[in-house]
Amino acid sequence: MNPPNGFANSNTRSSRLAAYSDLCSDAGPIHARVAANLGVKLLADEPLPFHQVASPCLLRVLISLESPEIPFLNDPRELAAGRRSPQWEFLCDQVENWDGLSTRQQLRVVKVLAKLAFWEMIVALVAPGNHDASEYETRALASRRDAALLQLDPGDRDAATGVHDFTARTALDEHLPGTVRLGAAVNLVVHHALSGGQLADVEHWAAVAEPLLGSIPVEGEGLLLHSCYWRGVSFVPYLKGDHDSVRWMLDMAEEAAVQACDEECNPNSLPSLENLHPLLETRGRAARDAGDLDSAEHYYRRFVDHDPLDPKGCVRLADFLFGTGRKSEARNEYLRAAELGVPMTTYATARAALCLAAE
């Protein structure tokens with residue numbers, strides 16, 4: 001579907017991220033196509049698909065700086081009515097009628113606003129909630145507000161505690177579906193591993209996740225959860241320096257990820273494609289840290305080939321090439337990332353200049 005009034009035109013930078021201002025452009029990198037898909041699902045009142053890539057806080061500012069024809073917005077309602085797609089118009093109507101929405105409907109709107117990087121809007125709409133409420137959706141909405149506060153201020157300890165406590169309670173709540181609990185437990189494994197937490201905490205949540213995996217069918221969305229599980233728990237042997245076990249677990253994660261992408265008539269096709277992003281990035285880093293540079297380069301190049309309109313893959317490959325002394329090749333990849341644009345333009349341009357100076 002084409003957006004109204006030519007948001008997506010022949011200019012690569014304009015078209016690739018137009019979904020963030022119309023919720024319908026199906027061009028661009030996978031994360032932008034996911035945004036468009038959320039617009040379709042929101043309008044049709046269909047379940048919003050699982051997705052993993054959070055939108056950077058400054059995404060909207062950066063898009064408007066590089067593509068002035070895509071307006072900068074603090075609120076979706078600031079877009080002129082004549083420029084709104086049906087999906088965008090529906091989002092505006094939902095925001096306008098916020099107090100009349102059910103908690104379920106509010107959660108759906110917040111998920112879309114988060115994908116569009118309207119973090120301040122989420123904080124303004126969602127009142128400070130009752131984190132101890134008995135209803136899961138009420139707690140989830142409060143946690144979404146905390147997550148938005150963390151995007152705006154990563155040092156907000158109260159918000160961080162709120163997100164962590166909600167996720168922990170979700171993982172341990174036997175009344176919730178196994179899919180929900182497993183996702184929460186795996187998130188905590190990754191959180192503690194990446195935030196420099198204690199190995200004991202990583203192992204604890206991996207142990208919580210393990211028995212839940214058996215209840216998840218190895219099909220459809222279950223394949224994504226199996227892939228996320230193996231990628232997440234691979235941090236346990238990674239932190240212990242057990243590279244063989246890491247490789248085996250990531251093989252399991254990749255097997256499930258590829259199967260999810262290959263399933264015929266898969267309604268989760270975009271989330272499945274998106275899932276390969278963190279997986280290929282993790283495989284590249286794990287191979288590099290194990291000293292297997294050939295495999296590391298293989299995975300980083302697969303990352304680029306998997307989603308050639310996403311500059312992040314080019315940057316990860318370029319960083320690897322730079323670190324192994326291949327400055328000229330790294331510069332070419334940085335320049336490619338800079339040409340693709342937001343959100344890597346500034347970093348990639350500076351690194352390309354550094355490569356040139358080092359040659």
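Helix α6 (119-125) contributes the most to the lining of the second largest pocket, with three residues; helices here are DSSP runs of H or I with at least four residues, numbered from the N terminus. The structure is a predicted model, in which local features need pLDDT of at least 70, side-chain atom pairs count only at pLDDT 80 or more, and totals for chains, interfaces and linings use all residues. Residues are numbered from 1 along each chain as its sequence is written, and side-chain values use heavy atoms, leaving out hydrogens and water.

In total, 13 residues line this second largest pocket, and C57, F72, N74, A117 and E120 lie nearest its centre. Besides α6, helix α3 (59-66) gives two or more residues to the lining. A pocket is an open set of points on a 1 Å grid over the protein atoms alone, where a 1.4 Å probe fits, with protein on both sides within 12 Å along at least five of seven lines; lining residues have an atom within 4 Å of a point. By class, ten lining residues are nonpolar, one is polar and two are charged.

Turning to the helices, α14 (residues 269-289) reaches 31 Å from its first C-alpha to its last, close to the 30 Å expected at 1.5 Å times one less than its number of residues. Since 16 of its 21 residues are buried, α14 is largely enclosed by the rest of the structure (buried means under 20% relative accessible area with a 1.4 Å probe, protein chains only). Just after α14, G291 takes a positive phi of about 85°. Helix α9 (residues 178-194) is followed by G196, whose phi is also positive, near 75°.

Definitions and conventions:
Nonpolar A, V, L, I, M, F, W, Y, C, P; charged D, E, K, R; others polar. Buried < 20%, exposed > 50% of the residue type's maximum accessible area, 1.4 Å probe, protein only.
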